[in-house]
Amino acid sequence: MAFGECNCGAVTFEIDAELSDVFVCHCSICRRSTGGNGIAVIVIDNNTFRWLSGEDQIATWKKPGADWQTWFCRICGSSLPGLNDASRMFVPAGLISQGGESLTVKHHIWVDSKAVWDEIGNSGQQHPEAFK
Ligand SMILES: [Zn+2]
Ligand SMILES: [Zn+2]
């Protein structure tokens, strides 16, 4: 069981699963969205996820012409969990405040478009583009 929350605490959620793998996306869209080197996410089954509070504070933005969407807290702007596909969600790894003890970086994606200043180091497998 894991627990996560946004910076202002309005949006909280729990995940009824053992969390282990972190995926880091280094693409330019994720970089602009976070202002950092990309975004680190955990992929989970939809049925293990439950909102505890603040679902009415979730805002979304879809990038025109791209298959990319972001979910964020309309009060504090923190990135939030969002839909990955019909059966899975992705959860920004930085939101997890309890139950993340076993998390390790397993995959880096869109490494070919990473920022010049982004040094990946030796954790996880590197993929030039999307995870296959
Ligand atoms: Zn918030
Ligand atoms: Zn990305």
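Two residues count as in contact when their C-beta atoms, placed from the backbone, lie within 7 Å. With that in hand, here are my notes on this predicted model.

1. Let me start with F72. This residue is found in strand β7, which covers residues 69–73. Leaving aside residues up to four places away in sequence, F72 touches A59, G77, S78, S79 and L80. F72 counts as buried because it has 20 C-beta neighbours inside 10 Å, and a residue is buried if 20 or more other C-beta atoms lie within that distance. For a sense of distance, the C-alpha atoms of F72 and W117 are separated by 26 Å, the two residues being 45 apart along the chain.

2. Now the overall picture. The chain has 12 strands and one helix. Reading from the N terminus, the order of elements is β-β-β-α-β-β-β-β-β-β-β-β-β. Along the principal axes, the C-alpha atoms fill a box of roughly 40 × 35 × 25 Å. The radius of gyration of the chain is 14 Å, which agrees with a compact globule, because a globule with 132 residues would have a value near 14 Å.

3. Of the 132 residues in the chain, 27% are buried. Among contacts between residues at least 6 apart in sequence, 59% join residues at least 24 apart.

4. On to the open sheet. Four strands make it up, in the order β5-β2-β1-β10, and the pairing is antiparallel. The edge strands are β5 (49–53) and β10 (96–98), each of which pairs on one side only. Neighbouring strands of this sheet are turned by 35° against each other on average, with direction ignored.

5. Toward β2 (residues 12–15), β1 runs antiparallel and is joined by four bridges. Toward β10, strand β1 (residues 2–5) pairs in the antiparallel sense over two bridges. In that pairing F3 stands opposite Q98, while G4 has I96 as its bridge partner.

6. Strand β4 deserves a point of its own. Which strands does β4 pair with, and in what sense? With β3 (residues 21–25), β4 pairs in the antiparallel sense over three bridges, and C25 has I39 of β4 as its bridge partner. With β9 (residues 88–92), β4 pairs in the antiparallel sense over five bridges, and D45 stands opposite R88 in β9. β4 itself, residues 39–45, is mostly covered: five of its seven residues are buried.

7. Finally, a residue to check when you go through the backbone torsions. W110 has a positive phi of about 55° although it is not a glycine. Where does W110 sit? It is found in the loop between β11 (104–109) and β12 (125–126). Is W110 buried or exposed? W110 counts as buried because it has 21 C-beta neighbours inside 10 Å.

Key. Residues numbered from 1 in each chain as written. Chains lettered and ligands numbered in written order. Predicted model: local features only at pLDDT ≥ 70, side-chain atom pairs only at ≥ 80, totals over all residues. Buried ≥ 20, exposed ≤ 12 C-beta atoms within 10 Å, placed from the backbone. Pairing = 2+ DSSP bridges. Axes fitted to C-alpha atoms, helices over the stretch in contact; angles between N-to-C directions. Rg over C-alpha atoms; globule rule 2.2 N^0.38 Å.
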